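Study the sequence and the model, then work through each task in order.

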Amino acid sequence: VCIVRPDPDLVYAPWLKWAINSPFFQAQVQKYASGTTRKRISRKNLESIKLSVPTIPIQMEIATVLDKLLFLRQLRERSIVLTQQLVSSTFAS
């Protein structure tokens with residue numbers, strides 16, 4: 001666990017959440033992770049990972065688009081479940 005307090009003049013926190021959870025960043029973390037039972041990364045190694053940071057307006061746009069995509073994905077997954085339930089209940093009667 002690492003507490004990150006980005007400078008709000010440089011980094012839009014919702015964008016940073018997406019950036020940290022991106023496959024690219026996670027792959028970088030895995031390069032530095034060590035430990036057999038539980039993988040960890042030292043703060044020093046975490047600080048050495050470079051992250052390209054666009055301007056705040058671009059960060060906001062990226063985060064907004066990704067949030068909307070996540071919402072649509074969740075709606076789609078829910079609609080699949082509801083459709084399956086409807087089909088099951090229709091043919092079970």
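Helices are DSSP runs of H or I with at least four residues, numbered from the N terminus. The model examined here is predicted.

**Exercise 1.** Determine where Glu77 and Arg73 lie and how many residues apart they are.

*Solution.* Step 1: Both Glu77 and Arg73 belong to helix 4, and they are 4 residues apart, about one turn of the helix. Step 2: Their side chains form a salt bridge, with an N to O distance of 3.3 Å. Step 3: Exposed requires over 50% relative accessible area. Arg73, at 55% relative accessibility, therefore counts as exposed, whereas Glu77, at 41%, is partly exposed.

**Exercise 2.** State which residue forms a salt bridge with Glu47, and whether the two are buried or exposed.

*Solution.* Step 1: The partner of Glu47 is Arg43, and the closest N and O atoms are 3.2 Å apart. Step 2: The two residues lie in helix 3 (residues 43-48), 4 residues apart, about one turn of the helix. Step 3: Both Glu47 and Arg43 are exposed.

**Exercise 3.** Explain which parts the salt bridge between Asp67 and Lys17 ties together.

*Solution.* Step 1: In this salt bridge, the closest N and O atoms are 3.8 Å apart. Step 2: Asp67 lies in helix 4 (residues 56-92) and Lys17 in helix 1 (residues 13-20), so the pair ties together parts that are 50 residues apart in sequence. Step 3: Asp67 is partly exposed at 33% relative accessibility, and Lys17 is partly exposed at 42%.

**Exercise 4.** How many salt bridges does the model contain?

*Solution.* With a cut-off of 4 Å between the nitrogen and the oxygen, the count is 3 salt bridges.

How values were computed: Residues numbered from 1 in each chain as written. Predicted model: local features only at pLDDT ≥ 70, side-chain atom pairs only at ≥ 80, totals over all residues. Heavy atoms only, no water. Buried < 20%, exposed > 50% of the residue type's maximum accessible area, 1.4 Å probe, protein only.
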